[in-house]
Amino acid sequence: MSVNPNEKPEPDETPEAGERPEPEKRPEPDVTPGVEGKPGTEPAPEPEEARAVEGAESAPEAVVPAPEAAPGAGEVPSGRRRLADALWPPRVTRAQLVVALLLACLGFGLAIQVSSTSEGSALRGARQEDLVRILDELDDRTQRLEDEKARLEKQRSELESSSDQAEEARRQTQEKERQLGVLAGTVAAEGPGITLTVTDPVGAVESDMLLDTIQELRAAGAEAIQVDGVRVVADSYFTGGGDDMRIDGTPVTAPYVFKVIGKPEDLEPALNIPGGVVQTLEKEQATATVERSAKIVVDALRPAKRPDYARSSSP
């Protein structure tokens, strides 16, 4: 049998083992527009390599499993992990307890220091003349205490040196009785002092304001106080306010007139200190007028009250 060299060999149509026969391709319709009566130009077939690449892109990628860490392989712990391991479970030593106790004591001391510093902050904004006035008032109080100490020492010396100690003791007892009667309000008194007049046109003055005034006067050395005909003593109390102000249950009305026996040079500055009685009353639209006098008479009396339970402990 002779073979024509110009004739191409026909492909073997028998599929090999393991290969799938390719489906028969049908001619695709010509989508290229052409002249009427003439068929359109057929599109050029795509290369097989391009179709293979497209198939590879559309195919899902194969998931390659990550290699598992070998058991026992050392891992470097993170900073947070090391911190957590160091803090928990807690391991408290005696040295740590001592340090914690010292820190607690230090914090307590600092808190006390800050508290004491804040208490004196009210004087930081005071003017120089106000500070000088307050310092003079403190010096006067110290001087009064020194005078009282000297007077008591003199009485003791007189008792020790007197030939008739019984008579001297009786004389001192009577003098002490008069002094205590002035303080208790059972005896009338007179002497230098001030007259404080408080006007309240809007009825804003409360009982606590009048009580603060009494306390300030006592701290400045007042020995006898009378308000609108009512003797004010250690156990006096103030109630109400405005149109219903009462002292020891007795009604009093504005203007409130304070008659105070004491050293005028100490009493008046005590009322005019920064943030004191006068400024507090002025904030409530009230006015306070202080007038010094060489003679103030306090003649309102209180009945002598015998204590129910207290008794003298001296034989």
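A residue is called buried here when its relative accessible area is under 20%, exposed when over 50%, and partly exposed in between, with a 1.4 Å probe and protein chains only. This is a predicted model, in which local features need pLDDT of at least 70 and side-chain atom pairs count only at pLDDT 80 or more, while totals for chains, interfaces and linings use all residues. Residues are numbered from 1 along each chain as its sequence is written, and side-chain values use heavy atoms, with hydrogens and water left out.

Start with the whole chain. Buried residues make up 19% of the 315 residues. The secondary structure comes to eight helices and eight strands. Both are DSSP runs numbered from the N terminus: helices are H or I with at least four residues, strands are E with at least two. The accessible surface is about 24800 Å², and 55% of this belongs to carbon and sulfur atoms. Such areas come from the Shrake-Rupley method with a 1.4 Å probe; for residues, only the protein chains shown count as cover. A contact means heavy atoms within 4.5 Å. Among contacts between residues at least 6 apart in sequence, 76% join residues at least 24 apart.

Next, confidence. pLDDT is the predictor's confidence in each residue, from 0 to 100. The chain averages 76, and 68% of the residues score at least 70. Over residues 31-41 the value is below 50; this stretch has five contacts beyond near neighbours in sequence. Residues 69-73 also stay under 50, and there the model has zero contacts beyond four places in sequence.

Now the sheet. Strands of a sheet pair through backbone hydrogen bonds, either parallel or antiparallel. Two strands count as paired if DSSP finds at least two bridges between them. Five strands form an open sheet in the order β3-β2-β7-β1-β8, with antiparallel pairing. β3 (230-232) and β8 stand at the edges with a single partner strand each, so one side of each has no neighbour in the sheet. On average, neighbouring strands are turned by 25° against each other, direction ignored.

Walk across it from β8. Ten bridges join β8 to β1, and E190 stands opposite V297 in β8. β1 then pairs with β7 over six bridges; L196 has F258 in β7 as its bridge partner. β7 and β2 share four bridges, with A224 opposite I261 in β7. Three bridges link β2 to β3, where Q226 stands opposite R231 in β3. The hairpin of β2 and β3 has two residues between the strands, and D228 takes a positive phi near 50° in this hairpin.

In a regular strand the side chains alternate between the two faces of the sheet. β2 is covered on both: A224 and Q226 are buried on one side, I225 and V227 on the other.

α7 touches β1, β7 and β8, and its direction makes about 20° with that of β1. Axes here are lines fitted to C-alpha atoms, for helices over the stretch in contact; angles run from 0 to 180 degrees between N-to-C directions.

Why is α7 (residues 264-271) largely enclosed by the rest of the structure? Six of its eight residues are buried. They are P264, D266, L267, P269, A270 and L271. These residues pack against α4 (128-161), β1 (189-199), α6 (207-219), β7 (256-261), α8 (277-283) and β8 (287-298).

Finally, the cores. A nonpolar core is a set of buried Ala, Val, Leu, Ile, Met, Phe, Trp, Tyr and Cys residues joined through side-chain atoms within 4.5 Å. The largest has 29 residues; V205, L217, I225, Y256, F258, V260 and L281 touch the most other members. β1, α6, β2, β3, β5 (245-247), β7, α7 and α8 each give two or more residues to this core. α6 gives the most, with four. Leaving aside neighbours within four places in sequence, V205 is in contact with D200, L210, G241, G242, M245, Y256, L281 and A286. A second, separate core has five residues, including A189, A224, I261 and V298.
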